[in-house]
Amino acid sequence: MTRTIKFIAAATAILALALLFSAWQIKRFAATPLSIHQERIYTLPAGTGRVALEAQLESQQIIPHSIWFGGLLKLEPELARFKAGTYRLETGMTVRDLLELLSSGKEAQFPVRFIEGSRLQEWLAQLRTAPYLRHTLKDDSFDTLAAALKLDRARLEGWFWPDTYLYTANTTDVALLQRAHERMEQQIHNAWQHKDANLPYKSENDLVTMASIIEKETGVSEERSKVASVFINRLRIGMRLQTDPTVIYGMGNAWNGTLTHKDLETPTDYNTYIISGLPPGPIAMPGKASLEAAAHPVKSNYLYFVADGKGGHTFTTNLASHNRAVQAYRLAMKEKNEK
């Protein structure tokens with residue numbers, strides 16, 4: 001009997017030591033750094049079980065081979081509640097960090113930046129190269145996009161909010177554009193509701209069109225409301241806007257980087273050297289500052305502006321002063337090129 005008791009006691013002690021050793025090894029494995037030397041994007045497919053997860057992580061050389069992986073999931077079952085998705089793995093992460101991330105469901109987010117003053121066609125091309133985005137648009141035509149978003153074709157150019165958008169893998173191109181459109185609609189409605197009285201706009205689209213022209217004409221914040229005043233003053237007296245960016249937009253793919261006198265004389269729906277009033281729609285995506293300038297132009301008598309050669313513009317009230325400003329600009333450019 002005594003021997004039996006001693007044997008049981010010894011076996012129990014050995015088992016306890018074995019369990020302690022296993023627990024220590026499991027904890028040690030959990031604290032092991034991942035086998036990656038730079039940031040990695042890892043996708044866990046839906047329906048992946050514990051055994052398949054271990055095999056996948058090992059085959060992709062994310063974790064070292066170990067007999068303790070299954071033990072870790074049994075010892076800490078909360079780590080076994082991993083969710084399918086695409087995750088961002090960073091250097092310095094441990095095996096436990098990885099499993100906690102997979103269990104959290106906090107998928108990697110990818111940025112796409114839409115810049116003020118760019119065109120919708122540029123945005124669509126950019127989306128084609130965005131990583132992990134699911135492409136559902138069959139092509140980049142405005143008709144295809146209008147149908148996908150259930151929008152009037154006239155509510156496309158200029159009607160998407162420029163910003164940096166974060167998305168998770170398998171987000172659709174349409175969903176991302178829907179977010180940008182909804183945000184822009186909110187900004188436009190707000191600007192329209194709070195705009196100055198008696199501005200020569202017939203619709204929200206006129207406001208956006210003006211904002212888009214301002215966006216293309218200047219990147220200097222303090223100039224935007226002055227630029228707006230020039231075009232507002234011209235609209236009020238029936239003077240053509242004569243703004244180069246509208247001509248360029250109307251040229252479409254024919255634009256080669258140089259604007260000629262022939263281009264200014266060639267009729268298009270957007271050539272404001274030929275048409276009166278605003279063009280039929282926006283020519284780019286305006287930002288908040290340009291929308292504000294279009295809604296609240298400074299009160300002035302300015303009818304002209306020209307680049308000053310220093311990054312800004314010279315504003316004038318009459319043709320004679322404008323011509324002098326043009327000559328000053330040409331002289332400044334000549335001196336700059338001779339240096």
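View 1. Helices (H or I, at least four residues) and strands (E, at least two) are DSSP runs, numbered from the N terminus. The C-alpha trace spans about 120 × 50 × 40 Å along its principal axes. Of the 339 residues, 43% count as buried, where buried means under 20% relative accessible area, exposed over 50% and partly exposed in between (1.4 Å probe, protein chains only). This is a predicted model, in which local features need pLDDT of at least 70 and side-chain atom pairs count only at pLDDT 80 or more, while totals for chains, interfaces and linings use all residues. Residues are numbered from 1 along each chain as its sequence is written, and side-chain values use heavy atoms, with hydrogens and water left out.

**View 2. Helix α4 (residues 95-104) is largely enclosed by the rest of the structure.** Look along this helix and you will find that 7 of its 10 residues are buried: V95, R96, L98, L99, L101, L102 and S103.

**View 3. F29 and F69 form an edge-to-face aromatic pair.** Rings of Phe, Tyr and Trp (its six-membered ring) pair if their centres lie within 6.5 Å; planes under 30 degrees apart count as stacked, over 60 as edge-to-face and the rest as tilted. The count by this rule is 10 aromatic pairs. In the pair shown here, F29 and F69 are 6.4 Å apart centre to centre, with 75° between the planes. The pair links distant parts of the chain, with F29 in helix α1 (residues 2-30) and F69 in helix α3 (residues 69-75), 40 residues apart. F29 counts as buried at 5% relative accessibility, and F69 counts as buried at 1%.

**View 4. Rings also gather into a cluster, and charges sit over rings.** Ring pairs link F114, W123, F160 and Y165 into a cluster. A charge sits over a ring if NZ of Lys or CZ of Arg is within 6 Å of the ring centre and within 35 degrees of the ring normal. K195 lies over the face of W192, at 3.8 Å from the ring centre, and R234 lies over the face of Y304, at 5.1 Å.

**View 5. Buried residues of helix α6 (residues 142-149) pack against other helices.** F142, T144, L145, A146 and L149 are buried in α6. The buried residues of this helix pack against α5 (120-128), α7 (173-193) and α10 (244-251), where contact means heavy atoms within 4.5 Å. K150 follows α6 and has a positive phi, near 55°.

**View 6. T86 sits in strand β2 (residues 85-89).** At 4% relative accessibility, T86 counts as buried. Its side chain is joined to that of T43 by a polar contact of 3.0 Å. A polar contact is a pair of N or O atoms within 3.5 Å; within protein, one must be able to donate a hydrogen and the other to accept it, and residues adjacent in sequence count only if both atoms are side-chain atoms. Not counting residues up to four places away in sequence, T86 touches I41, Y42, T43, E107, A108, F110, Y132 and A169.
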